[in-house]
Amino acid sequence: MRRREPDFAALRAQMVAEQLEARGITDPRVLEAMGKVPREAFTDADDRKRAYEDIPIQIGWGQTISQPYMVALICEAAAVRPGNRVLDVGTGSGYQAAVLAELAEEVHTVERLRQLAERAREKLDAAGYGRVTVHLGDGSLGDPEHGPFDAVTVAAAAPELPHSLYDQLVMGGRLVIPVGDRRGQRLEVVIKSPEGPAVAHSVACRFVPLVGAEGY
Ligand code: SAH
């Protein structure tokens with residue numbers, strides 16, 4: 001017999017209030033998107049009931065679905081607007097890509113591990129995000145074929161700013177990326193300007209390493 005499932009809509013609303021609004025996420029579109037995307041559809045089946053906990057959760061192959069607050073913070077920092085084209089590096093479960101799909105017109109996401117890319121494709125389709133494009137490859141090099149992008153979000157930490165990702169931004173576009181190593185990382189918000197990258201440091205964070213040509 002199947003166990004009764006928790007009231008996911010209620011847990012989601014609680015997550016938005018207690019983990020996001022209470023910690024200073026204010027963009028109404030981000031709050032709305034986070035209140036809409038079914039995070040339980042992106043965890044492994046055994047972890048569904050834990051989906052709204054205030055933590056990253058293992059998704060296999062040494063990777064995690066990011067903590068809800070981090071996803072919201074990245075989306076807010078990326079300042080995604082309707083009509084935008086966005087690149088999401090490090091698909092993982094596909095959750096962040098789904099949230100971005102609520103905010104933007106077009107979302108491309110790149111994952112280096114085939115098994116995760118395939119699973120994310122299935123999960124995105126099942127949750128109604130068939131219009132997100134999942135690419136298999138080294139996202140540290142971006143996706144030159146589909147750029148330039150209004151925003152690029154990265155869910156894995158780079159040793160320094162990857163030039164390819166910066167280059168694939170439109171003027172005024174934003175790159176949100178954790179920079180640092182296992183000991184310490186900061187989420188950086190980089191805006192492309194005619195004078196070069198304008199970098200604003202945000203909060204301390206902890207992500208898995210970006211593994212690739214412009215990563216580790
Ligand atoms: N945003 C994801 C979090 C995934 S964790 C989510 O919401 O679930 C980061 C992911 O980045 C991992 O799946 C890892 O395999 C992937 N990754 C690491 N280096 C990468 C690279 N160079 N290109 C693409 N994906 C990469």
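First, the ground rules. Because the model is predicted, local features need pLDDT of at least 70, side-chain atom pairs count only at pLDDT 80 or more, and totals for chains, interfaces and linings use all residues. Residues are numbered from 1 along each chain as its sequence is written, and side-chain values use heavy atoms, with hydrogens and water left out.

Let's start with the ligand. How many residues surround the ligand? There are 24. To be counted as near, a residue needs a heavy atom within 4 Å of the molecule. The closest are Ser 93, Glu 111, Asp 138, Gly 139 and Val 211. By class, this shell has 10 nonpolar, 11 polar and 3 charged residues. Here nonpolar is Ala, Val, Leu, Ile, Met, Phe, Trp, Tyr, Cys and Pro; charged is Asp, Glu, Lys and Arg; the others, Gly among them, are polar.

Now the polar contacts, meaning pairs of N or O atoms within 3.5 Å. Asp 138 uses its side chain: a polar atom there lies 2.9 Å from a nitrogen atom of the ligand. Arg 112 uses its backbone, with an N or O atom 3.3 Å from a ligand nitrogen. Val 211 also brings a polar backbone atom, 2.7 Å from a nitrogen atom of the ligand. Taken alone, the ligand exposes 580 Å², and the protein buries 99% of that. Those areas come from the Shrake-Rupley method with a 1.4 Å probe.

Which elements build the shell? Those giving two or more residues are β2 (63-65), α4 (95-103) and β4 (106-111). β2 gives the most, with 3 residues. Helices (H or I, at least four residues) and strands (E, at least two) are DSSP runs, numbered from the N terminus.

Next, the empty space. Rolling a probe the size of a water molecule over the atoms shows where empty space is left. On a 1 Å grid over the protein atoms alone, a cavity is a set of points where a 1.4 Å probe fits but cannot get out. A pocket is an open set with protein on both sides within 12 Å along at least five of seven lines. Lining residues have an atom within 4 Å of a point.

Where does the ligand sit? The space it takes is the largest pocket; sitting there means more than half of its atoms lie within 2 Å of the grid points. The largest pocket has a volume of about 630 Å³, a volume being the space filled by probe spheres set on the points. Its lining counts 36 residues, and Gln 63, Thr 64, Ala 155, Ala 156 and Val 208 lie nearest the centre. β2 again gives the most, 3 residues.

And cavities? The search finds 1 of 30 Å³ or more. The largest cavity has a volume of about 40 Å³. Among its lining residues are Phe 42, Ser 93 and Lys 123. Helix α5 (residues 114-126) supplies the largest share, 4 residues.

Last, the backbone. The peptide bond from Gly 147 to Pro 148 is cis, with omega near 0°. Pro 148 is in the loop between β5 (133-136) and β6 (149-154). Trp 61 has a positive phi of about 55°, although it is not a glycine. Trp 61 is in the loop between β1 (57-60) and β2.

Terms used:
Polar contact = N/O pair within 3.5 Å; in protein donor to acceptor, adjacent residues only side chain to side chain.
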